[in-house]
Amino acid sequence: MAKIKHIALSTPDPEKTAKFYVDVFGMKQIGRVDHPAVSGFYLSDGDLNLAVLNFKNDAVAGAERGRDFAGIHHIGFQVDSLEAIVERLAAAGSARRDDVNDALGVGRHDTRYANVEVKYSGPDGVMVDVSETGWVGASGFRPQ
């Protein structure tokens with residue numbers, strides 16, 4: 001069974017947003033990303049990875065949102081098999097988001113990354129991120 005292990009928020013001020021979740025809910029900062037395409041923080045409650053991100057261009061944010069979008073950007077599911085979930089996603093009409101995958105440099109079968117593997121379209125414009133390895137700080141994380 002797939003498990004929600006990751007939620008990504010898009011925000012213009014990741015530092016302020018991350019501070020809120022740390023101060024109010026006691027989440028721990030477990031990482032930071034500062035990449036030409038995205039910057040922000042990875043937080044964890046010990047079971048779930050919460051990414052608080054500022055996407056620096058429309059390509060990595062996804063054209064339907066753009067870099068100025070604020071809110072839930074995508075939800076990550078840790079799965080036992082990418083191959084099996086691909087079939088279920090296709091049957092549900094969910095398309096690979098290769099526009100975003102390519103902009104981030106992810107989604108290739110020969111490469112596995114912690115914190116992101118392959119993004120797909122989901123209902124209501126919320127992307128889904130599927131991963132066999134999981135996310136740093138989330139229970140079940142399996143680094144490669």
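Reader: What makes strand 3 and strand 4 a pair?

Author: In this predicted model, strand 3 and strand 4 (residues 49-55) share seven bridges and pair in the antiparallel sense. Two strands pair if there are at least two bridges between them, so seven bridges meet the definition. Phenylalanine 41 stands opposite valine 52 in strand 4.

Reader: Why is strand 3 called mostly covered?

Author: Buried means under 20% relative accessible area. In strand 3 (residues 38-44), seven of seven residues are buried.

Reader: What makes strand 2 and strand 6 the edges of the sheet?

Author: The sheet is open, with seven strands in the order 2-3-4-1-5-7-6 and mixed pairing. Strand 2 and strand 6 (118-120) each have a single partner strand, so one side of each lacks a neighbour in the sheet. From one strand to the next, the twist averages 25°.

Reader: Which strands does helix 1 touch as it packs on the sheet?

Author: Helix 1 touches strand 1, strand 3 and strand 4. Its direction makes about 5° with that of strand 3. Helix 3 (residues 82-91) packs on the sheet too, touching strand 6 and strand 7 (127-131). The direction of helix 3 makes about 155° with that of strand 7.

Reader: How do you know that the length of helix 1 agrees with its number of residues?

Author: Helix 1 (residues 14-25) has 12 residues. At 1.5 Å a residue, they should span 16 Å. The end C-alpha atoms are 16 Å apart, which agrees.

Reader: Which residues of helix 1 are buried, and how do you know that they share a side?

Author: Pro14, Thr17 and Ala18 are buried. They cover an arc of only 100° around the axis, which puts them on the same side of helix 1. Strand 1 (3-10), strand 3 and strand 4 are among what covers the buried residues. The face turned away carries the exposed residues Glu15, Lys16, Lys19 and Asp23. Just after helix 1, glycine 26 takes a positive phi of about 75°.

Key. Residues are numbered from 1 along each chain as its sequence is written. This is a predicted model: local features need pLDDT of at least 70, side-chain atom pairs count only at pLDDT 80 or more; totals for chains, interfaces and linings use all residues. Side-chain values use heavy atoms; hydrogens and water are left out. Buried means under 20% relative accessible area, exposed over 50%, partly exposed in between (1.4 Å probe, protein chains only). Helices (H or I, at least four residues) and strands (E, at least two) are DSSP runs, numbered from the N terminus. The expected span of a helix is 1.5 Å times one less than its number of residues. The arc is that of the directions from the helix axis to the C-beta atoms. Contact means heavy atoms within 4.5 Å. Axes are lines fitted to C-alpha atoms, for helices over the stretch in contact, and angles run from 0 to 180 degrees between N-to-C directions.
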